[in-house]
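Here is a short report on one protein model. Please look through the sequence and the structure first.

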Amino acid sequence: MKHNLGLKILALVVAIIIWLQIILMDEHQSKVNLELRLVQSNTADTLRPQPKKILCQVQGKGLDILKLYFSNAYVEMNAADYWAGNDKNFRIINVPDKIKVNIINVIPSPPYENLKAEELAKVSNNLNKESPPGEKVKTSETNSAKEKNIIDSQDPITTRILTDVPITTPQKLKIFPSKATLKVQGKTSLLANLPQGVYITISSTPDNEGYCTVFASVPENVTVLDITPQKVRIIK
């Protein structure tokens, strides 16, 4: 037993090293907690417990997923989308170029109940009390703002998420993933016609690691806010 113990320990260490190498170099799906930053918060949102992390489902090599966890990357979401449990409307910010990971989706906490009307009324009253006394807005500016609101209310600018949009490849190349998700912004009447006029393509030549950059073409006056994935892998 004593003579074989050293060999058994050595074999176990070698097996662990091989297993770690397979895990780190093989491509698979995993879940990673990233920093969360909420934007466009309103008064009601500030009264809720502010989350610091959000769980993300990612796909890539184990080593890249590990690097992503220790990087400065963070998730940016509109506060309304987070509290509603919307897992499609998000942006991944500050991901290093060397990390080749596809962010599939995020997993927000369960939707919270709306605040009571009494609580919102109290907040509104407090804000009114904090306004400087005697502060008045010019009549012309007020009328102009009202007119603008009337025009915007007829065809307001909004955002929309387009999922499972096919990616067109030159020379019928096989890629992974083969579909993309777009976050676009524009007037409601323009976004209603999408995905008509939306085309997603890739760069003509891959980089040294076999990845091609993804590009999106959209109709005029429509803005692309985010595209997922930003790069795809060429499958040989």
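## Strand pairing

Cys 56 has Val 106 of strand 5 as its bridge partner. The model is a predicted one. Strand 2 covers residues 53–61 and runs antiparallel to strand 5. The two are joined by 6 bridges.

## Nonpolar cores

In soluble globular proteins, nonpolar side chains tend to be buried together. Here, the largest nonpolar core holds 21 residues. Ile 54, Val 58, Leu 68, Val 75 and Met 77 touch the most other members. Two or more residues come from each of strand 1, strand 2, helix 3, strand 3 (74–78), helix 4 (79–84) and strand 5. Strand 1 gives the most, with 4 residues.

What does Ile 54 touch, not counting residues up to four places away in sequence? Its contacts are Val 32, Asn 33, Leu 34, Leu 36, Val 75, Met 77, Tyr 82, Val 106, Ile 107 and Pro 108. A second core is separate and has 18 residues. Val 184, Ile 200, Ile 202 and Val 222 are among them.

## Cysteines

How many disulfides does the structure hold? The count is 0. A disulfide is a covalent bond between the sulfur atoms of two cysteines.

Is Cys 56 buried or exposed? Its relative accessibility is 0%, so Cys 56 counts as buried. Cys 212 also counts as buried, because its relative accessibility is 1%.

## A buried asparagine

Asn 78 is found in strand 3. Its relative accessible area is 17%. Buried means under 20%, so Asn 78 is buried. Leaving aside neighbours within four places in sequence, Asn 78 is in contact with Val 39 and Gln 40.

How values were computed: Residues are numbered from 1 along each chain as its sequence is written. This is a predicted model: local features need pLDDT of at least 70, side-chain atom pairs count only at pLDDT 80 or more; totals for chains, interfaces and linings use all residues. Side-chain values use heavy atoms; hydrogens and water are left out. Two strands pair if DSSP finds at least two bridges between them. A nonpolar core is a set of buried Ala, Val, Leu, Ile, Met, Phe, Trp, Tyr and Cys residues joined through side-chain atoms within 4.5 Å. Buried means under 20% relative accessible area, exposed over 50%, partly exposed in between (1.4 Å probe, protein chains only). Contact means heavy atoms within 4.5 Å. A disulfide is a pair of cysteine sulfur atoms within 2.5 Å.
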